Each structure stands twice: as C-alpha cells, then as structure tokens.
Amino acid sequence: MSAPVAALASPFLATIPSPPQGVWFIGPIPLRAYALCIIAGIIAAVWIGSRRWVARGGREGTVIDIAVFAVPFGLVGGRLYHVATDWYKYFGPDRNPLDALKVWEGGLGIWGAVALGAVGAWIGCRRRGVPLAAFADAVAPGIILAQAIGRLGNWFNQELYGAPTDLPWGLEIYRRIDPATGLADPITGVAMDSTPVTVVHPTFLYELLWNLGVFLLIIWADRKFRMGHGRVFALYVAGYTAGRVWIEMMRTDDATHILGIRINVFTSLIVFAGAVLYLLYVRGKREDPELLRGKPMPGDDDTAATPERPAEEPKATADDADEDEGKDEPKGSDDSGDERAEARSADGNGKDAKD
C-alpha cells in the first residue's frame, strides 16, 4: 500500500470513498462483490452478443451454447496469465502455492482470458458450424463492457490504484481488519472507520471509463462501416490496449517488471500492433447471414422463413392433385369430350351386336 498523503492534502476534497468491505456473509457463505461483478459482466456480454448475433442472421441460442465453452476457458486462462506473470506472489519465499486457486481474491489477466477464451469459442463454433471471426465480431462489444463492469470488483477489493494524489477525484483507501482477530485483512476485512490511510489515483475507474468509450466506439464503427471477418474484434483489441498502456503505467501495485517497465505494458504494445496490422490487411464486409446459421441443433426452429430461405410449402393433398389435373387441361379443348363420345358410341354398337 502506498504511503499516506501528507495531511491528506486537504480535509475538504471531494474524494471518492472506497466501500467499507467487499465481502458479506450469509451465515457461513461469503458473498463477494468481486465475483458478483464478474458474473454480472458475463451476463451482460452474453446478452449483448446474443442480440447482435441474431441481428446479423445467426440462430437464437448460438451465443449461449458457445459461451458454455468460452467462459470457463477464459476464466482459467485469465487466472493462469495472472499467476504466470505474478508468480512470486504464490511460489516465492513464505508463499502458499494453493493461494493461486483463490480467484475470489482478484487476479484475472485479460490477455490470458481472451487467448484461452478464444480456444473455447473455437470449440463451440466448430460444434455449431459457424465462423469464429463472425462470432468474435458479434461478442466484441459485450466483452469490453464486461471488462468495465468487472473493474467495479477492483473497487470493492481496494486494488488496482495508482500513486497518491490531491486531485478531487482521488480514491480513499481504508485500513480493513478482521473483526474476529483484529488483524489486517484487505480483502475480506472491514473498515472500522472512514479515515483514509491514503488518497490515490483510481486507475480502476480510469480503465472503466476508457472501456465504456471503446464500447461506444466499436458499436458506432460497426454500424457505420458494417465490419466483418474479425475486424470489429480487432478494433476492440486495439482500442482497449491503447488505453491500457498509459493506465498500466500509472498503477503502483506489485507487478513483474522488465527493464523497469511493467510486463503488461509490453504485452499491450505487442497486442496493439497485431490488432492494427489485422485492421489494415483484412478487408471485407459482413459475412453472408446464411453462414451464421450453422448446423441445426436439437430445439432449433428451422421452419421459420428467412430472407435467404423461404418457409416450407405445405404438402399437397389428393384433392389438390385432382384440382391441379383439371387446371392442366387447356380451356376450350373438346378432345376429352370427343373421346368420351366415341367411347359411348362403341359401347352402344357392342350392345346392338349382342342383341
């Protein structure tokens, strides 16, 4: 934790308070704000992605089916990236490796979440028979919105903040303790008073607002240019990493450094360059809506008409067949009548011969 600001600069600053706690207990069951924010973000991402997918011509329920694979893969990937880049927190001296499993205490790297989440999405897309790039374009706005919602979890955990500041929007950090033991507990503890020990830059809030801006940007760009073939997703990546570079450099929490620079700054720059190159070299409008329908799955409604596939015509009945035969005969033709007359004449001649 950063050193306290001298005399708090001014006791009348309109600073932002931190929540007094981030965990509530219902009996023995902990209700963690961080987890609730992550869940809320996932729900928002799936809902927005589903609406966009259907609007582009895809089947209802496809995004949910693919999310069953993508979300667990993403959570595991996010945690693996965090543990790999901050390994000393779990495997250093006097550390407990089992703490690497405590996702509820924070620590999900977006790079690992996107990378391994893409693997899960690829599996789901193959199962549904839809293109991964088109799926990525549909869910991109929901992903960046989910990241914004997830940053609220960092606020409850009192993490991801910057250096001390005397700006009006500085974030107040409180000392939290375990009421049962009286020991410091920054995650599950409770602030016993509202006197801040420091006032810092709320970098979690900077990223939250930046993410909302990127959300609006890609929604606007997609509607205006009808982007496809993964270009919406690339724009999301480029927009997010552009902001992550300067926000990451403001953070003061512990992190792995390379050449004195936080490792996530290098990651952001590399990913940003890749996203920009993709935008420059990949062209093309949105995919044909028929490609987004994919394979029909149990429960899918395939009888509804679409612009590409008309509704199924009703089966013909025997009565309809008789009517059709009558319709096929040319109007004003006496051939059938003459044939019947000749048949009756033949029958009559036959009778006369027998008599």
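# Salt bridges and helix packing in a predicted model

The count of salt bridges here comes to 12, a salt bridge being a side-chain nitrogen of Lys or Arg within 4 Å of a carboxyl oxygen of Asp or Glu. This is a predicted model, in which local features need pLDDT of at least 70, side-chain atom pairs count only at pLDDT 80 or more, and totals for chains, interfaces and linings use all residues. Residues are numbered from 1 along each chain as its sequence is written, and side-chain values use heavy atoms, with hydrogens and water left out.

**Overall make-up**

- The protein has 11 helices and 8 strands. Helices (H or I, at least four residues) and strands (E, at least two) are DSSP runs, numbered from the N terminus.
- Buried residues make up 40% of the 355 residues. Buried means under 20% relative accessible area, exposed means over 50%, and partly exposed lies in between (1.4 Å probe, protein chains only).
- Take the contacts with a sequence separation of 6 or more: 76% of them come from residues 24 or more positions apart. Contact means heavy atoms within 4.5 Å.

- Side chains of opposite charge can pair when their charged atoms come close.
- D222 pairs with R56, with 2.4 Å between the closest N and O atoms. This bridge links distant parts of the chain, 166 residues apart: D222 is in helix α6 (residues 203-225), and R56 is in the loop between α1 (33-55) and α2 (62-85). Both D222 and R56 are buried.
- R128 and D65 form another salt bridge, at 2.5 Å from N to O. R128 lies in helix α4 (residues 110-128) and D65 in helix α2, so the pair ties together parts that are 63 residues apart in sequence. R128 is buried at 2% relative accessibility, whereas D65 is partly exposed at 27%.
- R151 bridges to E207, and their closest N and O atoms are 2.9 Å apart. R151 sits in helix α5 (residues 132-156) and E207 in helix α6, so this bridge ties together parts 56 residues apart in sequence. R151 and E207 are both buried.
- A network of salt bridges links R244, E248, R251, D253 and R262.

**Cysteines**

- A search of the whole structure finds 0 disulfides, a disulfide being a pair of cysteine sulfur atoms within 2.5 Å.
- C37 is buried, at 10% relative accessibility. C125 is buried too, at 1%.

**Helix α1**

- α1 has 23 residues. From first C-alpha to last, α1 reaches 33 Å, close to the 33 Å expected at 1.5 Å a residue. The expected span is 1.5 Å times one less than the number of residues in the helix.
- Buried residues in α1 include Y34, C37, I48, R52 and W53.

**Packing of α4 and α5**

- Two packed helices are described by the angle between their axes and the distance between the axes.
- α4 and α5 pack at an angle of about 145°, and their axes are 12 Å apart. Axes are lines fitted to C-alpha atoms, for helices over the stretch in contact, and angles run from 0 to 180 degrees between N-to-C directions.
- The crossing of α4 past α5 is right-handed. A crossing is left-handed if the near helix is turned anticlockwise from the far one by less than a right angle, and right-handed if clockwise.
- On the α4 side, I110, A118, A121, W122 and C125 meet L132, F135 and Q147 of α5.

- F233 is in helix α7 (residues 231-248). Leaving out residues up to four places away in sequence, F233 touches V114, A136, D137, A140 and I143.
- F233 and A275 are 42 residues apart in sequence, with 8.6 Å between their C-alpha atoms.
- Helix α8 (residues 263-281) has 19 residues and reaches 28 Å from first C-alpha to last, close to the 27 Å expected at 1.5 Å a residue.
- I263, N264, V265, T267, S268, A275 and L279 are buried in α8. The cover over the buried residues of α8 includes α2, α4, α7, β7 (257-258) and β8 (261-262).
- F266, also found in helix α8, is partly exposed at 28% relative accessible area. Beyond its neighbours within four places in sequence, F266 contacts I258 and I261.
- F266 and V245 are 21 residues apart along the chain, and their C-alpha atoms are separated by 8.2 Å.
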